[in-house]
Each structure stands twice: as C-alpha cells, then as structure tokens.
Amino acid sequence: MMKFKSLACAALILGFCVDTFAAVENVSVGIYDLPPHMIIAKDNTPHGAVPEFFQKYVFKDPSLSVRWNPAQFSRIMVDLENGRLDMAVLVAKNSDRERKFIFSNTPLYKTRSGIVVKKNGKLQKIESIHSLNGLQLGHDLGSIVPTYFKNSGVQFQFVSGEDYFSRTLSLLRSGRIDGFFVPTWSHGAYQLKKSKLSSEFSILEIPSGALDLYVVFGKKTDAKVIQTVNVALKNHHQKYLKILSQVEE
C-alpha cells in the first residue's frame with residue numbers, strides 16, 4: 001500500500017510539472033539593430049534598452065518565455081504578418097500597418113526625427129518641411145515614411161542591408177544624396193558618436209512633431225501576451241526612458 005501511495009504521489013508531482021511546463025508560452029519577438037534601443041551582437045545576442053526593459057518588466061512572468069529573433073526590419077514585418085513572429089518593438093503607425101497588425105495601447109517611446117547632413121553641406125537649417133523641397137534623402141528600406149513628407153517635394157533613395165547606416169553616410173559624403181532621414185533621433189546621434197563622425201556630420205531636427213513608436217503584434221498573437229505587454233507599458237513606461245539614458249552614456 002505504501003509503495004502504491006508513493007507511486008501515486010510521484011505521478012501527481014510529475015503531472016503537475018508537465019502541466020506547469022506546458023503552460024509556459026514561448027513568445028517570438030522580432031528585433032532589429034537600432035542602437036541604443038536594440039543592439040545585435042556578432043553572435044546575434046540582443047542588448048540595449050529594449051531587451052533589458054522587456055526582461056525586467058514583461059518576461060518576468062514565469063508563464064512567458066521570450067525567443068529573440070534578430071533580422072532586418074523589413075524581414076521582421078513580413079514574418080510578423082505571416083504569423084512567424086508574435087511581436088516586434090519600436091514600430092511607427094501608418095494606415096497600412098494598422099490594417100495588418102495590432103498596436104499596443106500606448107507607445108513605448110516617443111522620438112524626434114531628423115536629417116543627418118554634412119556640416120559643410122548646403123542644408124544647415126530646416127525652417128519647415130517645405131524647406132526640403134527638391135532634396136534627395138537616404139532612408140532605410142522598409143522603414144516608415146511619415147505622412148508629413150507628402151507633397152514636400154522630397155525624393156527618397158532607399159538603402160537596405162545590415163550596414164545601411166554606413167552605406168547611406170557614404171552616399172551623403174560623396175554628394176549623391178543631400179541628407180539622411182533618421183526617424184529615431186537617438187539612433188542617429190548614437191551611431192554618429194559611436195563611429196566618431198560627429199565632427200563631419202550633424203543632425204537637423206524636423207519641425208513636424210514627435211513620432212510614436214509602439215510594440216506591434218501579429219493578428220494571431222495570444223491575447224494574454226498582448227495584455228501583459230499593455231499592462232507593463234502602462235505601469236512602467238517611464239522606466240524605459242531611465243534604462244535608455246543609462247545605455248546612451
């Protein structure tokens with residue numbers, strides 16, 4: 001009888017462990033290189049403010065396990081739409097994306113946008129968006145073109161690849177483009193500082209308001225995951241800014 005009770009108890013414990021393990025949900029998160037927010041190391045390990053924030057305030061829930069999926073931004077958007085990812089981070093809204101995805105209730109980060117220019121170039125100040133009429137600007141392929149550029153007379157030259165930032169700067173340096181549009185100001189400033197190019201290039205702010213960057217989910221993403229992220233953003237949004245300021249130092 002004692003042996004039977006021991007076996008029954010062991011089975012009960014094993015069953016509990018299996019149920020607990022089964023309850024853990026793997027969340028696939030697309031992450032792209034956007035220092036200091038997201039930094040992809042050579043071994044594809046993600047660092048920066050975004051991974052730190054999510055590990056501390058979202059994936060601390062033992063029922064959620066994160067799987068980071070580093071890729072180029074355009075690839076992440078395709079995989080998210082096709083259900084191969086559950087979510088992506090720091091994505092701006094436009095009407096096309098709102099049809100395809102579910103956006104978090106509140107943005108994770110609000111950013112100024114700017115244009116990287118040569119310090120000795122012809123563009124030294126942006127009075128209004130119409131000051132850019134006739135200019136050609138480099139831009140990351142797959143990234144958003146804000147609506148304020150409509151009817152501005154700006155032409156974009158899109159650059160793709162992991163080294164798009166340095167390649168676009170080369171285009172600017174050679175005079176093949178007039179400037180380099182950076183939707184996220186902190187990213188442009190960080191890259192110039194890290195590359196020790198602040199003496200050659202500067203960033204001019206675009207006077208068209210801030211750009212909200214959200215967490216975005218696929219249409220088939222589990223509602224629990226979406227709710228968990230929304231609660232974390234509501235309760236800990238300001239802590240992201242503190243984490244980011246520490247990474248930028």
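In this predicted model, helix α2 packs against helix α7 through Ala49, Val50, Glu52, Phe53, Phe54 and Tyr57, which meet Val229, Ala232, Leu233, His236, Lys239, Tyr240, Ile243, Leu244 and Val247 of α7. The residues of this contact divide into 12 nonpolar, one polar and two charged.

**How the two helices meet**

- Two packed helices are described by the angle between their axes and the distance between the axes.
- Here, α2 covers residues 49-57 and α7 covers residues 223-248; their axes come within 9 Å and cross at roughly 135°.
- The crossing of α2 past α7 is right-handed.

**The largest pocket**

- Rolling a probe the size of a water molecule over the atoms shows where empty space is left.
- How much space lies in the largest pocket? The volume is about 770 Å³.
- A total of 38 residues line the largest pocket, and the closest to its centre are Tyr32, Asp33, Leu34, Glu162 and Tyr164.
- Helices α3 (73-81), α5 (164-173) and α6 (185-194) each supply at least two residues of this lining.
- Strands β5 (87-92), β9 (136-140), β11 (179-182) and β13 (211-217) each supply at least two residues of the lining as well.
- By residue type, the lining of the largest pocket divides into 21 nonpolar, 11 polar and six charged.

**The second largest pocket**

- The second largest pocket holds about 200 Å³ of space.
- Which residues line the second largest pocket? They are Lys93, Asn94, Ile144, Val145, Pro146, Thr147, Tyr148, Ser208, Ala210, Leu211 and Asp212.
- Six residues of this lining are nonpolar, three are polar and two are charged.

**Two backbone details to look for**

- Is the peptide bond from Pro35 to Pro36 cis or trans? This bond is cis, with omega near 0°.
- To find Pro36, look in the loop between β1 (25-31) and β2 (39-40).
- Asn44 has a phi near 70°, which is a positive value in a residue other than glycine.

Conventions. Residues numbered from 1 in each chain as written. Predicted model: local features only at pLDDT ≥ 70, side-chain atom pairs only at ≥ 80, totals over all residues. Heavy atoms only, no water. Axes fitted to C-alpha atoms, helices over the stretch in contact; angles between N-to-C directions. Helix = DSSP H or I, 4+ residues; strand = E, 2+ residues; numbered from the N terminus. Left-handed = near helix turned anticlockwise from the far one by under 90°. Contact = heavy atoms within 4.5 Å. Nonpolar A, V, L, I, M, F, W, Y, C, P; charged D, E, K, R; others polar. 1 Å grid on protein atoms, 1.4 Å probe; cavity = no way out; pocket = protein on both sides within 12 Å on 5 of 7 lines; lining within 4 Å. Points joined across faces, edges and corners; volume = space filled by probe spheres on them.
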